[in-house]
Amino acid sequence: MINDIARYFAKNWETYLGYVWQHVSLSIEALLIGVVIALPLAYLSYENASVKQFATLLTQGLRVIPSLGILFILIPFIGVGRLPALIALVILGIPPILLNAIVGLSSVSKDLLETALGLGMTKFQLVRKVLFPLALPHFLNGIKLALVEIIASATLATYIGAGGLGTLIFTGLGLYRYDLLVIGGGSVALLSFLSMVIFDLSIKGLEH
């Protein structure tokens, strides 16, 4: 199998890099959109109990929907390709970001916030200089969990023509090519691992 893997890379290196780029770009785009949606919603949840209850119910609802199910639900409405895959991955990425952001904001000491207000800070300054920086480790943890889940689930995007490393995995399954399975699956696992390491180091750096 090692020889088969070596031959694949020798003949298809540029194609492989194309699959990696498709996978990474789709994952990062979905993550960024998820962050843009989840963080403001987390702040609104922090400010308003009703919004918090809605956000909690929303995340619980989104968590029970399998990624493949989301893809199949979207196909009749927007067809196949990158867009439905992106929407499905955003839906999968929002819950961990939102939940961890709410926890992070809620964990900031009320006394500290009152002291900052007493020192003359405006609400905007309070959020920018105190609330968000103190909650940042929780934000990053939620983003880390979301990214790992998105990277893993992005393999299913191949089903609807969005490309990525899933192409290698499903081609390997169809042709009984174990070298393609190892390359595709191993690459996804490596991307997930690197994401976890980078975010874990960032979180530890903020905590020290």
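## Exercise 1: the course of helix 1

Helix 1 has 46 residues, yet its end C-alpha atoms are only 56 Å apart, which falls short of the 68 Å that a straight helix would reach at 1.5 Å a residue. The model is a predicted one. Find where helix 1 has a kink and state its angle.

Solution. Then follow the helix axis to N12, on which a kink of about 90° is centred.

## Exercise 2: the surroundings of H23

Decide whether H23 is buried or exposed, and list the backbone atoms that lie 2.8 Å and 3.2 Å from a polar atom of its side chain.

Solution. First place H23 in helix 1, which covers residues 2-47. Next, take its relative accessibility of 1%; because buried means under 20%, H23 counts as buried. Then look at the polar atoms of the H23 side chain: the backbone oxygen of I151 lies 2.8 Å from one such atom, and the backbone nitrogen of L165 lies 3.2 Å from a polar atom of that side chain. Finally, leaving aside neighbours within four places in sequence, the contacts of H23 include A154, T155, G164, V188 and L191.

## Exercise 3: the backbone at Y176

Locate Y176 and describe its phi angle.

Solution. Y176 lies in the loop between helix 7 (166-175) and helix 8 (178-207). Its phi is near 55°, a positive value in a residue other than glycine. With a relative accessible area of 66%, Y176 is exposed.

Notes. Residues numbered from 1 in each chain as written. Predicted model: local features only at pLDDT ≥ 70, side-chain atom pairs only at ≥ 80, totals over all residues. Heavy atoms only, no water. Helix = DSSP H or I, 4+ residues; strand = E, 2+ residues; numbered from the N terminus. Buried < 20%, exposed > 50% of the residue type's maximum accessible area, 1.4 Å probe, protein only. Polar contact = N/O pair within 3.5 Å; in protein donor to acceptor, adjacent residues only side chain to side chain. Contact = heavy atoms within 4.5 Å. Expected span 1.5 Å × (residues − 1). Bend = angle between axes of the 7 residues up to and from the residue.
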